[in-house]
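I opened the file to look up the helix and the charged side chains. My notes follow in the order I took them.

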Amino acid sequence: MFRSGAESPVQRHYRDAKVMEIIEGTTQIQQILLGQFAVSGARSTPSLAL
């Protein structure tokens, strides 16, 4: 049995999966911004317009 307030394995895996979604999304945004920066020839700041 789990103690009161203790995290079950399912809760832990669900939480970890959500954290990974956030990290993966951040990585994709960084890739888009770096790509825009490279294509623009580093003349201007890339926008967040997707």
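I note that the model is a predicted one.

Helix entry. I looked up α1 and found that it runs over residues 9–39, 31 residues in total. From first C-alpha to last, α1 reaches 45 Å, close to the 45 Å expected at 1.5 Å a residue. I then checked what comes after the helix: α1 is followed by glycine 41, which has a positive phi, near 75 degrees.

Salt bridge entry. How many salt bridges does the structure hold? I found 3.

I took arginine 15 again. Its side chain meets that of glutamate 7 in a salt bridge at 2.6 Å, N to O. The side chain of arginine 15 also meets that of aspartate 16, at 2.9 Å, N to O. I wrote these down as a network of salt bridges linking Glu7, Arg15 and Asp16. Glutamate 7 is partly exposed at 37% relative accessibility, and aspartate 16 is partly exposed at 34%.

Next I looked up glutamate 21 and lysine 18, whose side chains form a salt bridge at 3.7 Å, N to O. What separates the two along α1? They are 3 residues apart in the helix, so about one helical turn lies between them. I recorded a relative accessible area of 49% for glutamate 21, partly exposed, and 37% for lysine 18, also partly exposed.

Definitions and conventions: Residues are numbered from 1 along each chain as its sequence is written. This is a predicted model: local features need pLDDT of at least 70, side-chain atom pairs count only at pLDDT 80 or more; totals for chains, interfaces and linings use all residues. Side-chain values use heavy atoms; hydrogens and water are left out. Helices (H or I, at least four residues) and strands (E, at least two) are DSSP runs, numbered from the N terminus. The expected span of a helix is 1.5 Å times one less than its number of residues. A salt bridge is a side-chain nitrogen of Lys or Arg within 4 Å of a carboxyl oxygen of Asp or Glu. Buried means under 20% relative accessible area, exposed over 50%, partly exposed in between (1.4 Å probe, protein chains only).
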